[in-house]
Amino acid sequence: MNPFATLSFWEQLFASTIRMTPPLLLAALGALFSERAGMSMLGLEGIMTMGALSGYLATYFTGSVFWGLVFGAVGGILLNLIFSFFTVTVKANHIINGMALNILAPALATFLFRATFGESTTVVVGNVMQDMPIPVLSKLPFVGTVLFSHKPLVYVAFLLVPLTAFFFNRFKPGLNFRAVGEYPQAAESLGINVIRVKYLAGVMCGLFAGLAGAYLTVCSLGTYVDGIVSGRGYVALSALIFGRWNPVSILWATLFFGMADAFQLRLQLALPGFPYQLLAMLPYVALVVALVAIRGKSVGPKAVGQPYFREHR
Amino acid sequence: MPNPWVSPTPGGYFVVNERLVKFLVPVLSLLLAFGIGGILIVSVGKNPLEVYGYLFSGPFSNLNSFGETLVKATPLIFTALATIFAYRSGVFNIGGEGQVVMGAVASIAFTLRFTGTLPGPVILIISLLLGILAGGVWGLIPGVLKALLNINEVIVCIAFNYIAILFMNYLCSGPMKEKVNPQTPQIAESVRLPRILPGTRVHLGIVIAVVTAVAFYYFLFHTAHGFKLRVVGLNPQAAFASGYKIRTYTILTMFVSGAVAGLAGSVELHGVGYRLMAGFCADYGYNGISIALISQLNPLGSILVAYIFSVLRAGSSTMQIATGIPTSIVEIIQALVIFFVIAGTTIINYDNFKPALERFAQKWRPRKARKEGGAG
């Protein structure tokens with residue numbers, strides 16, 4: 001029988017898309033804060049890894065999913081403060097520091113994990129966040145399963161999209177962020193403390209990306225393994241570019257990548273004999289194709305990656 | 001007592017000794033990174049001196065271990081050169097990881113198919129050339145996308161890394177699978193790179209790597225094309241105004257950069273690996289970037305830094321067995337070195353760094369010399 005012809009295949013595909021999207025969405029929104037304030041965020045992958053580990057450890061030791069998420073965010077913020085210090089205060093190259101963050105975070109996470117649990121190879125599973133089906137709505141056929149039977153953080157992630165859009169388009173601090181990313185000298189002359197805004201953006205980015213990482217351990221896997229983020233940080237960064245630094249478009253971009261991921265996982269189940277590596281390439285191929293498709297139309301904040309010297313005019 | 005940071009000029013002014021400052025940045029960064037690593041080691045209740053002792057003594061405990069450091073340094077020199085070459089012309093090639101893999105894939109596909117039909121050395125040379133070509137093409141695509149469509153090369157390179165690695169894993173567990181294990185068959189003895197140090201696994205690849213590094217150094221710093229390439233990297237506006245074809249440079253450098261990385265994979269295959277399996281050459285591309293940055297983008301310096309990295313890599317397993325400290329401490333230290341080297345390089349390039357250092361030197365001069373008005 002053709003597996004694609006059944007309703008349940010599509011129902012599960014879409015539900016799985018909604019489950020795969022939040023880490024990408026949270027990370028991309030986090031990077032949006034950073035990039036809007038002129039910081040290039042290649043280090044997303046590293047921040048997510050740190051969030052994944054600290055979220056897992058906190059859940060394991062407190063038994064509470066809530067504290068897991070809180071500490072996931074804290075871990076992300078602390079790690080990103082390193083990046084903020086070197087890029088904002090020292091004014092060093094953003095891309096290289098981001099890459100260094102991506103080397104540092106997984107190594108540090110492995111170190112801390114081994115220091116906590118020793119060399120044992122047994123998987124220590126912590127608590128996992130429970131599903132929270134929305135009353136009435138989750139009973140709807142098809143739509144109920146796809147949209148309204150998820151974990152609380154999934155709803156929160158999607159709700160953050162309009163909030164972020166509001167922040168950047170209608171809210172004065174958000175507009176200040178944009179000014180800093182476009183033309184920091186002008187922003188400074190209007191009385192905006194550019195350095196402070198950049199640090200704030202770093203904290204927001206760490207918070208969101210840390211949550212995104214914690215989602216992977218606290219909401220889906222229940223444990224930490226090396227390489228758990230597996231490129232999601234880079235995909236989220238591409239979603240940011242694909243979404244042209246606009247929260248609503250970022251939502252569509254992350255749904256697109258989330259779907260590519262969900263699709264390849266479903267296909268692996270539907271086509272057991274087919275080599276899974278070729279299917280696992282799909283999200284990355286989709287990424288390159290997407291970048292080619294929007295070429296030239298995508299223009300980010302002008303001062304991204306530029307060092308800001310207050311005394312330069 | 002002369003101040004090593006500055007050298008006096010006849011007029012009584014001081015000139016910052018740039019070479020010394022540039023050399024001190026990586027050295028101090030290494031010390032600082034090992035210091036912080038030491039704090040981490042203390043925090044888990046171990047003695048950092050003992051741990052570092054194992055880290056550095058392990059690779060030199062016998063001839064074979066020493067040989068392993070040279071074996072491990074070989075691909076790292078290539079991948080560092082790949083990064084240096086691209087970075088010098090203003091392109092950040094983060095795709096070394098995938099280019100290494102594609103080089104090795106092309107080599108093994110050719111070698112397994114044609115062994116026996118041609119003499120061994122001929123197969124070997126063609127295979128190395130194919131590795132160069134495959135890596136080059138894998139770097140060329142992001143280069144073309146960047147030059148012609150202005151697509152961020154960093155993200156494309158990362159996607160290409162994942163695609164290449166998945167492709168290799170597919171070959172190992174599918175079309176090229178050897179019996180039960182997910183790995184390819186070994187290549188024949190006749191097509192392997194010759195060993196050059198008896199009692200070790202050191203192979204001809206280290207010589208190829210060093211020769212390549214010297215050639216790159218000569219090209220970048222002693223030829224007109226190398227000079228132009230560096231101008232494009234340092235100041236694209238000036239290069240554009242001088243009529244340099246920046247797009248052509250971007251595409252060509254990405255090809256050459258990928259080609260060197262591809263050679264790394266090919267040499268590793270013919271020199272020590274002999275077969276592909278999941279995890280082949282893992283992290284060599286990323287390590288190459290770290291090495292390139294720490295060596296201040298100097299091809300000759302990268303040989304030394306690559307060797308330090310390979311000692312750390314070789315010593316880390318001894319260290320883990322002896323002390324229980326995970327090998328990831330080495331990666332932590334490497335990442336910290338990058339942070340510090342880049343920060344240090346940025347700081348010495350500040351507009352006011354040199355004047356501040358020169359003012360400091362004036363104060364530091366012995367009182368007597370200042371009175372005499374000479375250049376102490």
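The side chains of A:D131 and A:K151 meet in a salt bridge, with 3.3 Å from N to O, a salt bridge being a side-chain nitrogen of Lys or Arg within 4 Å of a carboxyl oxygen of Asp or Glu. A:D131 lies in the loop between α4 (94-117) and β1 (132-133) of chain A and A:K151 in the loop between β2 (149-150) and α6 (152-170) of chain A, so the pair ties together parts that are 20 residues apart in sequence. This is a predicted model, in which local features need pLDDT of at least 70 and side-chain atom pairs count only at pLDDT 80 or more, while totals for chains, interfaces and linings use all residues. Residues are numbered from 1 along each chain as its sequence is written, chains are lettered from A and ligands numbered from 1 in the order in which they are written, and side-chain values use heavy atoms, with hydrogens and water left out.

**Salt bridges and the chain interface**
- Over all chains the count comes to 5 salt bridges, whereas between chain B and chain A the count is 0.
- In the interface, 44 residues of chain B are in contact with 45 residues of chain A, where contact means heavy atoms within 4.5 Å.
- The area buried between chain B and chain A is about 3,700 Å², of which carbon and sulfur atoms give 82%; buried area is the accessible area (1.4 Å probe) that two parts lose on being put together, summed over both.

**Helix packing in chain A**
- Helix α1 (residues 7-36) of chain A and α6(A) have axes that come within 9 Å and cross at roughly 25°; axes are lines fitted to C-alpha atoms, for helices over the stretch in contact, and angles run from 0 to 180 degrees between N-to-C directions.
- α1(A) and α6(A) are therefore roughly parallel to each other, a term for angles under 35 degrees, with those over 145 counting as roughly antiparallel.
- α1(A) passes α6(A) in a left-handed crossing, meaning that the near helix is turned anticlockwise from the far one by less than a right angle, and right-handed if clockwise.
- The contact of α1(A) with α6(A) includes A:L25, A:L29 and A:F33 of α1(A) and A:F158, A:V161 and A:F168 of α6(A).
- By class, this contact of α1(A) with α6(A) has 14 nonpolar, 2 polar and 1 charged residues.
- Helix α2 (residues 44-62) of chain A packs with α4(A) at an angle of about 20°, their axes 7 Å apart, and α2(A) and α4(A) are therefore roughly parallel to each other.
- The crossing of α2(A) and α4(A) is left-handed, and among the residues making the contact are A:M50, A:L53 and A:Y60 of α2(A) and A:A105, A:L112 and A:F113 of α4(A).
- The residues of the contact of α2(A) with α4(A) divide into 16 nonpolar, 4 polar and 1 charged.

**Helix packing in chain B**
- The axes of helix α5 (residues 120-149) and helix α6 (residues 153-173) of chain B come within 9 Å and cross at roughly 150°, and the two helices are therefore roughly antiparallel to each other.
- α5(B) passes α6(B) in a right-handed crossing, with a contact that includes B:W138 and B:L145 of α5(B) and B:F160 and B:I163 of α6(B).

**The loop residue B:E178**
- B:E178 is found in the loop between α6 and α7 (205-222) of chain B, and B:E178 touches B:Q183, B:T184, B:P185, B:Q186 and B:R275, not counting residues up to four places away in sequence.

Methods. Helices (H or I, at least four residues) and strands (E, at least two) are DSSP runs, numbered from the N terminus. Angles under 35 degrees count as roughly parallel, over 145 as roughly antiparallel, 65 to 115 as roughly perpendicular and the rest as oblique. Ala, Val, Leu, Ile, Met, Phe, Trp, Tyr, Cys and Pro count as nonpolar, Asp, Glu, Lys and Arg as charged, and the others, Gly among them, as polar.
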